[in-house]
Amino acid sequence: MLGAKRQSISVWLTSLKFARQLRRFGNVHYVSKKMKYVVFYCDQEKVDDTIQKLRSFHFVRDVKPSMRPFIETEFQNAKPDKAKEYDYKMGI
């Protein structure tokens, strides 16, 4: 399973005692105690099915998938700043 495409899913919960149950859907990356949400990663092919399952649970308030895999991260008109480039070479 090397090189499988992964996507993160954010799940808001009614109580954090249910956060442990989300480990069976993927790798839990972050748990916010203050805002009661969990961020975990799962295979990109299983995202739709996982979201449907999560929404059926009584302890889930909201589920949002990450849009990062669908956003272009290479920019065409990105020009390097000459002053910053000079500072990096000088070690400032």
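Lysine 64 has a relative accessible area of 44% and is therefore partly exposed, a class that lies between buried (under 20% relative accessible area) and exposed (over 50%), computed with a 1.4 Å probe on protein chains only. Its salt-bridge partner is aspartate 62, which is likewise partly exposed at 30%. A salt bridge here is a side-chain nitrogen of Lys or Arg within 4 Å of a carboxyl oxygen of Asp or Glu.

This is a predicted model, in which local features need pLDDT of at least 70 and side-chain atom pairs count only at pLDDT 80 or more, while totals for chains, interfaces and linings use all residues. Residues are numbered from 1 along each chain as its sequence is written, and side-chain values use heavy atoms, with hydrogens and water left out.

| Salt bridge | N to O distance |
|---|---|
| Aspartate 43 – arginine 6 | 2.8 Å |
| Aspartate 43 – lysine 46 | 3.9 Å |
| Lysine 64 – aspartate 62 | 3.9 Å |

Salt bridges that share partners join Arg6, Asp43 and Lys46 into one network.

Aspartate 43 pairs with arginine 6 in a salt bridge. Because aspartate 43 lies in strand β3 (residues 37–43) and arginine 6 in strand β1 (residues 6–13), this pair ties together parts that are 37 residues apart in sequence. Strands are DSSP runs (E, at least two residues), numbered from the N terminus.

Key. Helix = DSSP H or I, 4+ residues; strand = E, 2+ residues; numbered from the N terminus.
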